Amino acid sequence: MSNSIEPKKSGAAKDINDVSFVEVEQPGPASLGKQSLGFWVTFKTMFKKNLSVQYPDVKAPTEARFHGRHQLNRHPDGLEKCIGCELCAWACPADAIYVEGGDNTPGNQVSPGERHGAVYQINYLRCIFCGLCVEACPTRALTMTNEYELADNSREKLIFEKEDLLAPLRAGMVMPPHPMYPDMDENNYYRGEVKAADPSQGPIFDGLGAGESK
Amino acid sequence: MTTLANNPTEVTPVEMITVVIDGFEVTVPKGTLIIRAAEKLGIQIPRFCDHPLLDPVGACRQCLVDVEINGRAFPKPQASCTIPVEPNMIVKTQLTSPVADKAQKGVMELLLGNHPLDCPVCDKGGECPLQNQAMSNGNAESRLTGYKRTFEKPINISSQVLLDRERCVLCARCTRFSTQIASDPFITLNHRGALQQVGIYENDPFNSYFSGNTIQICPVGALTGASYRFRARPFDLVSTPSACEHCASGCDMRTDVRRGKTLRRLAGDDAAVNEEWNCDKGRWAFKYVTSTDRLTQPLIRNAEGELVEASWPEALAAAAAGLKGKRAAVLTGGRVTTEDAYGYSKFARIALKTNDIDFRARVSGKEEGDFLAAKVAGNFDVHYSNIDSADHVLLVAFEPEEESPIVFLRINKNFKKRGLKVTSVATKGSIAVDKLKADFIKVAPGAEAAAVAGVALTAKSVILLGERASESAGLISAAVALAEKTGAKLAWIPRRAGERGALEAGALPALLPGGRPVADSAARVDIAAAWGVDSLPDTPGRTTHQIIEALGNNELDAVVVGGVDAHDLLNGRKVLDSLQKSFVVSLEIATSSITEVADVVLPVAAVTEKSGSFLNWEGRSRAFDAAVAESLNRSDLRILSALADAMGESIMLGTVSATAREISQLGKWDGARVQFTPVAPGSAVAATGDQAILTSWRRLLDMGTMQRGEDNLAGTRRQTVAVISEKRANGINVSTGDQIRLSNANGSITLPALVEDIHDDAVWIPRNSFGSQALTSLNAVHGELVTVVKA
């Protein structure tokens, strides 16, 4: 007796030629009226406003809240806002963010308080631009820009490091690391009480690419 | 192996009490706290200060519940962590009593009143009982507005423990641990009322060997470790249960790895061994695995005499060519896992056809070898539970806090709970002896044996014999005789984690695996049959010192060395000279004095990178998996197996799990055991004038190779001092803190003096601490004369 289960057979096996051929009625050519009705959509569109953009020659602005590349912001005096807490990485549903925290030491104060983000990477091959990381950020360090041109030709190039993500140093800021604003602590920074850099914090950037080194 | 089986007479019936908690009946032993009885039902009452291993204190008030006894209710909610159950008690927790729920939420609101909202920068964030319980048992909104209490932060209460006082909820877990468990009362609650805070004494940092446990039990982020600070979040870490490789206590551990790098290790929970504690060395000494001197590629010494990188097939072929047909021996240190030691043992017997194998990379002798073969191998009689039931513990050549810290914690627990009597036969008093209020029998180095013989013990006593017993002639014999006379249990406690496993694996000249004597032909046949070989070598092997000697005078040609440092042996210089003359195959994790003179160096995996098991001093096995799974390093036995294949003498140990299975199938020897021949007790040499008898032991935190790269841990080392007695100090006119010089024909050591309780004829120095390396500087460790003068 065979161990395998045989398919159940009913009657004699049928050949393909045994199945009778049934002729189906074919639709003939439609009337002229019906045909022009089909072209009506095309005709109507000819008078509508053209929405095509000649990208990349022409770049249309995005909506204001478009989710583009991330940016790591700075306090008004130039210190980084990121404290390396990893809440963005925790919130990320695509596991696109990698953060390592680091100590702020007296000679290496990168952000207000004790802790800064020493390593910060976003993998744009994984990122789905949902913005949950921005919602999770407790210091508003992470926001999203409107930049959408993120295509590239290798996987490595699409892992953005902290240097790629940091907001540019603006005029009036001091390049970190530098000490916190005199007589202020991290709480003053979080409450927005630091409005600009103090000359005692270091050479103030003039916005032209050369620090006030004199 | 349970306590009950060991001590059938000790079982006393426990009175059971039935209480009702949230409408469910539960029956628990008398004396159980309400919070613990609720746990039995699966009812979680929120808590911060409560810890099952610490005395109740009722400090945080978070566990308030409604309690009613015999129909009479307490007027207000009570702390369930301080009230033992009573008959006819009805408890209503937050689940059934709105009053208790409101009380808990109120307490939480008050605790959070001064707690900063800095969870994003706090290391505890994500695994914080305060965070979790604020979510489960707290109000979403707080009525307490305004500024919170702030402190300067963080303060280093030791080089490895940081304190953020504003996060503290004053649960007193850390201070209770330090006084009740470690007996190191270096931290305490300062001030009272609203200003209360944890602090250290003005001049004493928190230099406890067990300080890391306070970080682990802190229910908030007030205590954090300097080496883990800001390194990772709990969700980044992949945790693997592991075993501690630092001593023979046998702690259960957890290793947390992020992207191939070990970031922290925590004490595991094994009630039979380490309970929930471990020592700072086990917790923090893991950076050696990632140190820069790690070997990554096999090395071969070329024609010019330089070590150059080579491929694995080249290196194995070179090693096989140098070993095949030669008179070769094996030295395997006490650091390898049981499976690796078994690999070395099998490799020596099959591939090298010799019994010249010894795991004792330290000062050792024949008396110890006989003792291990006759009394220790295959004997799994003494356990931590025997300390719990002992009436008297005798410490012989054993300094528990320095050499096996968890044994110290267990003795200390019994001393604290029931006044266990402890006697220490030693050359010098110590902090542990003081803490345990032990009877300190002060002896001159070399004369310990006579003192041991006179100690009065009973059948319920336990003798703990340290590995340094081998340094004093007749001491082991005296301990064995005492155990036989009184019926006391005798346990041998080595210092290194792998020694007991290596002993059971037969990495000893007179022993085959499972405690089978080499001299017994039936035992040899037994093993030969299991290994599938015709016969095993029957000539007795050489010990470590004999192997070195034989290499020096060309009685041996080659040696396979695994995890041994020449400077752990007497005459380190001579050891290296002997090895220089021979063909040396070194299996090492990092460059060492041995790899410098080796002809072939084969890199192996460190403990976190491989699986395996360690046997602790009890003989209890703790298996572990590779914590860093992506490591390309292989364990010693894989490499030995490949080397044996290259030699054409297969030992067939492909994987760790297959080896573990082979070991368990061999089982232990049930035939006649080696007879122990006692050695006559030695006596101290006569010291005259400036001469003193040297005695030393290693400190827990010293210059050990596995503590490299961890500066925060090194900061809590005990001070390096030379200890002399008051009489001697007066004789050479020094007082504590003055520099004294110890010298002999080989060299000298200059250290600050400490006048302490030590035999007048003796001088003590740490064996391997910074500035005091007895073996390299004096080439002596115990019982030899040195000259002590004021520097």
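## Exercises on a predicted two-chain model

B:Val396 stands opposite B:Leu465 in E22(B). Before we build on that pair, some ground rules. This is a predicted model, where local features need pLDDT of at least 70, side-chain atom pairs count only at pLDDT 80 or more, and totals for chains, interfaces and linings use all residues. Residues are numbered from 1 along each chain as its sequence is written, while chains are lettered from A and ligands numbered from 1 in the order in which they are written.

**Exercise 1.** Work out which strands join E22(B), and whether its residues are buried or exposed.

*Solution.* Start with the labels: helices (H or I, at least four residues) and strands (E, at least two) are DSSP runs, numbered from the N terminus. Next, look for partners; two strands pair if DSSP finds at least two bridges between them. Strand E19 of chain B (residues 392-396) runs parallel to E22(B), with four bridges joining them. On to E23 of chain B (residues 489-493): five bridges tie this strand to E22(B), again parallel. Here B:Ile463 sits opposite B:Leu490 in E23(B).

Now for burial. A residue is buried if 20 or more other C-beta atoms lie within 10 Å of its own, exposed if 12 or fewer, and partly exposed in between, with C-beta atoms placed from the backbone. By that count E22(B), residues 462-466, is mostly covered, with five of its five residues buried. Last step, the directions. In a regular strand the side chains alternate between the two faces of the sheet. In E22(B), B:Val462, B:Leu464 and B:Gly466 point one way, B:Ile463 and B:Leu465 the other, and all are buried.

**Exercise 2.** Find the order of the open three-strand sheet in chain B and name its edge strands.

*Solution.* Reading across, the order is E7-E8-E11, with antiparallel pairing. The edges are E7 (155-156) and E11 (223-225) of chain B, as each pairs on one side only. Zoom in on E7(B) and E8 of chain B (residues 161-163): two bridges join them, antiparallel. B:Ile155 faces B:Leu163 in E8(B) as its opposite number.

**Exercise 3.** Describe how H10(B) packs with H16(B).

*Solution.* First the geometry, with axes as lines fitted to C-alpha atoms (for helices over the stretch in contact) and angles from 0 to 180 degrees between N-to-C directions. H10 of chain B (residues 366-376) and H16 of chain B (residues 475-486) have axes 9 Å apart, at an angle of about 30 degrees. So H10(B) is roughly parallel to H16(B), a label for angles under 35 degrees.

Then the contacts, meaning C-beta atoms, placed from the backbone, within 7 Å. B:Glu367, B:Glu368, B:Phe371 and B:Lys375 from H10(B) meet B:Ile476, B:Ser477 and B:Val480 from H16(B). Sorted by class, this contact has three nonpolar, one polar and three charged residues. Ala, Val, Leu, Ile, Met, Phe, Trp, Tyr, Cys and Pro count as nonpolar, Asp, Glu, Lys and Arg as charged, and the others, Gly among them, as polar.

Definitions and conventions:
Parallel < 35°, antiparallel > 145°, perpendicular 65-115°, else oblique. Contact = placed C-beta atoms within 7 Å.
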